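Please open the model in the viewer and keep the sequence panel at hand.

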Amino acid sequence: MSFDIPTSHPRYHSLLFREKIVEGLHNHVVAEAGLFAHGRGESLDYFLGEITQDFGRRAARAAAARLLLARHPVISVNGNAAALVPQELVALAKAVNAPLEVNLFYRAPGREEAIEAVLKAAGAGEVYGVGEAASAEIPEITHGRRRVDPRGILIADVVLVPLEDGDRTEALVAMGKDVLTIDLNPLSRTAKKAHVTVVDNIVRALPIITEQALQLKALPRAAWEEAGGWDNGKNLAQALRFYSHRLADLALEAEG
Ligand code: ATP
Ligand code: MG
């Protein structure tokens, strides 16, 4: 990786993760469209202040609880997630005892295997959804975008689908699954259709979900059930209000 930005640079982290996405593009892990998705995320993170806000932390706890309560939890992995946070995905999978499944909007020869390799290098065991293993189909979405693993997402009751596309989220919801997502855009269809939306950057949100899961595991199941109770509309409204208030405050500041 040709990354030589000094750690003192004010945008160091943002530039580091951008570099990881570019590296992922060269390694066939990230699709070209993944660059645009990342840019959308970067701009929204700027508005969020590039820190986890309360509504994000609370949603992360609810998501952790639901993963623990699940019979068949699955963590879906796309190219951007694998490029940005492979170790963190593996850590969460271990904490909640859920398989990782490669689940791509753009399936292309070699991409699933490239993502599998990145996850294995980060310590993953078996990775679902690679090649012939993705043999089942989700109804209601167009070909190529609907293949899933019959051992994973097909039979899952709870799925975490970070940075997911709206059509596919909708299809998973229609299949009766409890859908959890991480999405910086509270206005995306995924954010609105999912049951729990963590409005935060995946690079910060995943470790928080893992930390919350480890904390909850030490508590009785009743505590998981309490933490899993969630009103997603209310949470999205809080996120939207936060964005609008913060921008209004920054406008005042700009006026001096
Ligand atoms: P939708 O299909 O849900 O209406 P979309 O077409 O705008 O949304 P997609 O490309 O399908 O977006 O999904 C990517 C989503 O992930 C976007 O909402 C984007 O803001 C968000 N995103 C991108 N990078 C990150 C990140 N690092 N952390 C969290 N969210 C991110
Ligand atoms: Mg989309």
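Begin by selecting Leu180 together with Val196 in S8, which stand opposite each other. The model is predicted, so local features need pLDDT of at least 70 and side-chain atom pairs count only at pLDDT 80 or more, whereas totals for chains, interfaces and linings use all residues. Residues are numbered from 1 along each chain as its sequence is written, chains are lettered from A and ligands numbered from 1 in the order in which they are written, and side-chain values use heavy atoms, with hydrogens and water left out.

Strands S7 and S8 (residues 196-198) are joined in parallel by 3 bridges. Strands are DSSP runs of E with at least two residues, helices are runs of H or I with at least four, and both are numbered from the N terminus. Two strands pair if DSSP finds at least two bridges between them.

Now select S7 itself, residues 178-182. Because 5 of the 5 residues are buried, this strand is largely enclosed by the rest of the structure; buried means under 20% relative accessible area, with a 1.4 Å probe and protein chains only. In a regular strand the side chains alternate between the two faces of the sheet. Here Asp178, Leu180 and Ile182 point one way, while Val179 and Thr181 point the other way.

Turn to S6 (residues 158-160), which runs parallel to S7 and is joined to it by 3 bridges. Leu160 is the residue opposite Leu180.

Display the whole sheet next. It is open, has 6 strands in the order S3-S2-S1-S6-S7-S8, and pairs in parallel. S3 (127-128) and S8 stand at the edges with a single partner strand each, so one side of each is left without a neighbour in the sheet.

Finally, select ligand 1. Which residues are closest to ligand 1? They are Arg40, Gly166, Asp183, Thr190 and Asn201, among 18 that surround it (a heavy atom within 4 Å). A backbone N or O atom of Thr190 lies 2.9 Å from an oxygen atom of ligand 1, and one of Arg189 lies 3.0 Å from an oxygen atom of the ligand.

How values were computed:
Buried < 20%, exposed > 50% of the residue type's maximum accessible area, 1.4 Å probe, protein only. Polar contact = N/O pair within 3.5 Å; in protein donor to acceptor, adjacent residues only side chain to side chain.
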